[in-house]
Amino acid sequence: MFQYRTVTEKELRRLWNRSILEHPFDRRYRAWKRVFLQLNRNGTGATFAVLHNGKPVGEGTLLFSPQADAVRGREWLADGVHTANINALRIRKPYEGQGHISALIKEMEQYAAARGFTRLTIGVEKHEMRSRAIYRHWGYTEFLAEELEDGETVSVMPAVDQVELHPFFQQENALALMREYGVHPEAWGPFAEGNFGIFTHPVLTEIGNKYGKSAAQVALRWNVQRGVVVIPKSTHKARMEQNFDIWDFELSEGDVAKIAELDVGKSRIVDHDDPSFIKMLHGLKVHD
């Protein structure tokens with residue numbers, strides 16, 4: 001049985017005592033033990049652990065104050081008001097790759113949110129930092145703030161972001177972020193991978209009948225009117241021609257309002273929190 005939560009001082013001592021035993025000639029571990037105990041005592045940090053049957057097998061610490069040693073003086077990492085830092089993430093080897101770090105980060109996000117923090121960074125180097133919008137992209141939680149990484153943390157803003165966009169998962173917040181930063185949205189799965197009966201859905205079919213169009217054409221036109229690039233897949237010439245034939249009509253505000261009611265608010269195609277799905281993604285070879 002696994003748990004993800006803040007640790008007691010006794011558990012924190014146990015964590016660091018084990019690390020000291022495993023590195024008997026490295027004096028840094030004794031110093032780190034004192035630092036992290038003090039952080040938790042004075043409220044400038046909070047350590048979380050992955051516990052297996054009550055025993056800690058991984059941990060990470062939220063740093064709140066720019067006075068904490070690891071982030072001292074760097075308020076873009078932790079400012080004590082809006083931004084907190086996730087630091088010292090570790091997991092013992094037998095438990096790697098099983099989704100425990102993701103689950104631990106989710107617990108840390110919720111803890112930070114409850115205390116009014118609206119942005120998290122990871123690590124202490126700029127190339128390691130991730131804003132909450134990036135977390136949202138990877139599907140960690142719904143708590144993440146609506147912001148993209150700014151110029152201090154990325155050197156090149158993406159030109160295009162391909163995300164799941166169709167009438168049943170509309171992601172209006174994500175689209176607003178992309179518009180703000182000049183990122184062009186491209187629909188992955190504009191036909192919802194055939195789910196929700198999209199090709200014969202009564203709402204889309206009824207709208208299409210007004211214009212002499214199919215439900216599929218309505219779905220494509222709806223995304224195009226939102227400024228979304230759509231590249232639907234088909235191996236049939238007739239369907240390819242139909243997919244192109246969406247430029248001679250425009251959905252009314254009433255049509256768009258009806259389609260807005262179809263949104264289920266989350267993906268029913270993939271689960272980014274499923275460790276097996278993430279492991280499958282990591283196993284894909286996309287280039288040599």
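Colleague: Leaving aside its neighbours within four places in sequence, which residues is Gln-170 in contact with, and what makes a pair a contact?

Modeller: Those residues are Leu-165, Leu-175, Trp-222, Arg-226, Ile-259, Ala-260, Leu-262 and Asp-263, and each counts as a contact because heavy atoms lie within 4.5 Å. This is a predicted model, in which local features need pLDDT of at least 70 and side-chain atom pairs count only at pLDDT 80 or more, whereas totals for chains, interfaces and linings use all residues. Residues are numbered from 1 along each chain as its sequence is written, and side-chain values use heavy atoms, with hydrogens and water left out.

Colleague: Why is Gln-170 called buried?

Modeller: Its relative accessibility is 3%, and buried means under 20% relative accessible area, with exposed over 50% and partly exposed in between, for a 1.4 Å probe and protein chains only; Gln-170 therefore counts as buried. Gln-170 sits in the loop between β6 (160–164) and α5 (172–180), where helices (H or I, at least four residues) and strands (E, at least two) are DSSP runs numbered from the N terminus.

Colleague: What makes the pairing of Glu-172 with Arg-226 a salt bridge?

Modeller: The closest N and O atoms of Glu-172 and Arg-226 are 3.0 Å apart, and a salt bridge requires a side-chain nitrogen of Lys or Arg within 4 Å of a carboxyl oxygen of Asp or Glu, so the pair qualifies. Glu-172 belongs to helix α5 and Arg-226 to the loop between α7 (215–225) and α8 (237–244), so the bridge ties together parts that are 54 residues apart in sequence. Glu-172 is partly exposed at 40% relative accessibility, while Arg-226 is buried at 11%.
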